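Me: I would like to learn how to read a model like this one, feature by feature. Could you walk me through it?

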Amino acid sequence: MTRRTSLKITDKRERQLEKASEIVASGPGDDPPMSVVIDAALAHLVESEANIRDARDEHDPVTIQELCNTSVIGLQYRTRIKSRWR
């Protein structure tokens, strides 16, 4: 991962941050800081990957693919989890 000194917030990222903020918020009046929203998203990604690996012991690969494929986590049949982001 390349470290950068600034994070460019595009319109698409702004919309994603707003949606994520609604998920993280404790209620309609809560406006969590961006750092909390980003921390929650990162924790979710790491935990999801671990959950998928654990689920492979109990469920067939097709079920795992059908339930867990996203634009971020792409599952290859019986091989590995990979990121589509680069």
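**Reading the model**

Reply: Gladly! The structure holds one salt bridge, meaning a side-chain nitrogen of Lys or Arg within 4 Å of a carboxyl oxygen of Asp or Glu. Before the details, note that this is a predicted model, in which local features need pLDDT of at least 70, side-chain atom pairs count only at pLDDT 80 or more, and totals for chains, interfaces and linings use all residues. Residues are numbered from 1 along each chain as its sequence is written, and side-chain values use heavy atoms, with hydrogens and water left out.

Me: Which residues form the salt bridge?

Reply: The general idea is that side chains of opposite charge can pair when their charged atoms come close. Here Glu-49 pairs with Arg-53, and their closest N and O atoms are 2.4 Å apart. The two are separated by about one helical turn because they are four residues apart in helix α2 (residues 34-55). Helices are DSSP runs of H or I with at least four residues, strands are runs of E with at least two, and both are numbered from the N terminus.

Me: Is Arg-53 buried, exposed or partly exposed?

Reply: Buried means under 20% relative accessible area, exposed means over 50%, and partly exposed lies in between (1.4 Å probe, protein chains only). Arg-53, at 44%, is therefore partly exposed. Glu-49 is partly exposed too, at 25%. Across the chain, 16% of the 86 residues count as buried.

Me: What pattern does the chain follow along the sequence?

Reply: Read that way, the pattern is α-α-α-β-β, with three helices and two strands in the chain.

Me: How do I read a surface patch, and which residues form the negative one?

Reply: Patches are made of residues with over 30% relative accessible area and no salt bridge; like charges are joined within 9 Å, and nonpolar side chains (Val, Leu, Ile, Met, Phe, Trp, Tyr) within 5 Å. Lys and Arg count as positive and Asp and Glu as negative, while His and the chain ends are not counted. A charge is placed at NZ of Lys, CZ of Arg, CG of Asp or CD of Glu. In this model, Asp-11, Glu-14, Glu-18 and Glu-22 form the negative patch. Glu-14 lies in helix α1 (residues 11-24) and is partly exposed at 35% relative accessibility.

Me: Which residues form the nonpolar patch?

Reply: Leu-7, Ile-9 and Met-34 do, with about 260 Å² of accessible area together. Accessible areas come from the Shrake-Rupley method with a 1.4 Å probe, and for residues only the protein chains shown count as cover. Leu-7 sits in the segment before α1 and is exposed, at 51%.

Me: How far is Leu-17 from Ala-41 in sequence and in space?

Reply: They are 24 residues apart in sequence and 9.6 Å apart in space, C-alpha to C-alpha. Leu-17 belongs to helix α1 and is buried at 18% relative accessibility.
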